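The sequence and the model are shown first, and the description follows.

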Amino acid sequence: MKKLLEKEVEAILVKEMRLIGGRAYKWVSPGNTGVPDRIVMFPDGLIEFVEMKTEDGKLSDTQRTQIRRLRDLGHDVSVVYGVKGLCRMFEYNGFYEVAAKLRRKYDKEDWFEKGKYMFNGEKIV
């Protein structure tokens with residue numbers, strides 16, 4: 001599978017959220033570098049901050065700090081690594097059909113191969 005750029009995975013997130021009746025707004029916060037890329041609003045009312053990364057992307061120290069601050073305030077924050085991580089995020093939130101569709105479209109490989117995926121509460125790799 002061709003490795004997708006972060007902005008390409010982000011575009012997939014935005015499109016799929018709209019298709020299920022949710023939204024994934026771009027978060028730009030002047031003077032606050034390192035905030036997550038998106039504020040994701042699921043149709044069931046769940047709001048989650050999402051930092052997008054390529055499959056081999058890494059969080060900066062500033063991003064780690066911002067994620068910790070948001071979690072300390074009681075907010076859900078996910079770091080999503082590539083399309084595989086996006087699938088796991090949709091599954092985690094109960095949108096199994098979206099995850100299955102993305103798997104069929106973007107990857108034919110073994111989905112249990114090594115890789116890093118992080119969601120609410122899991123450690124940041």
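A residue is called buried when its relative accessible area is under 20% and exposed when that area is over 50%, with partly exposed in between. In this predicted model, the face of helix α4 turned away from its buried side carries the exposed residues Y96, E97 and R104. The buried residues of α4 are V98, A99 and L102. What covers the buried residues of α4 includes the helices α1 and α3.

The chain as a whole contains four helices and four strands, and, read along the sequence, these elements follow the pattern α-β-β-β-α-β-α-α. Of the 125 residues of the chain, 44% count as buried. Among the contacts in the chain with a separation of 6 or more, 61% are accounted for by residues 24 or more positions apart.

The packing of α1 against α4 can be described through its geometry and through the residues that take part. The axes of helix α1, which spans residues 6-19, and helix α4, which spans residues 96-106, come within 12 Å and cross at roughly 140 degrees. Angles over 145 degrees would count as roughly antiparallel and those of 65 to 115 degrees as roughly perpendicular, and α1 and α4 are therefore oblique to each other. The crossing of α1 and α4 is right-handed. The residues that meet in this contact are set out by helix below.

| Helix | Residues in the α1 and α4 contact |
|---|---|
| α1 (residues 6-19) | I12, K15, E16 and L19 |
| α4 (residues 96-106) | V98, K101, L102, K105 and Y106 |

By class, the contact of α1 with α4 has five nonpolar residues, no polar residues and four charged residues. V98 and L102 of α4, which meet α1 in this contact, are also among the buried residues of α4.

Helix α3, which is included in what covers the buried residues of α4, spans residues 82-92 and contains V83. Is V83 buried or exposed? Its relative accessibility is 2%, so V83 counts as buried. The C-alpha atoms of V83 and T54 are separated by 8.3 Å, although these two residues are 29 residues apart along the chain.

Definitions and conventions
Residues numbered from 1 in each chain as written. Predicted model: local features only at pLDDT ≥ 70, side-chain atom pairs only at ≥ 80, totals over all residues. Heavy atoms only, no water. Axes fitted to C-alpha atoms, helices over the stretch in contact; angles between N-to-C directions. Helix = DSSP H or I, 4+ residues; strand = E, 2+ residues; numbered from the N terminus. Parallel < 35°, antiparallel > 145°, perpendicular 65-115°, else oblique. Left-handed = near helix turned anticlockwise from the far one by under 90°. Contact = heavy atoms within 4.5 Å. Nonpolar A, V, L, I, M, F, W, Y, C, P; charged D, E, K, R; others polar. Buried < 20%, exposed > 50% of the residue type's maximum accessible area, 1.4 Å probe, protein only.
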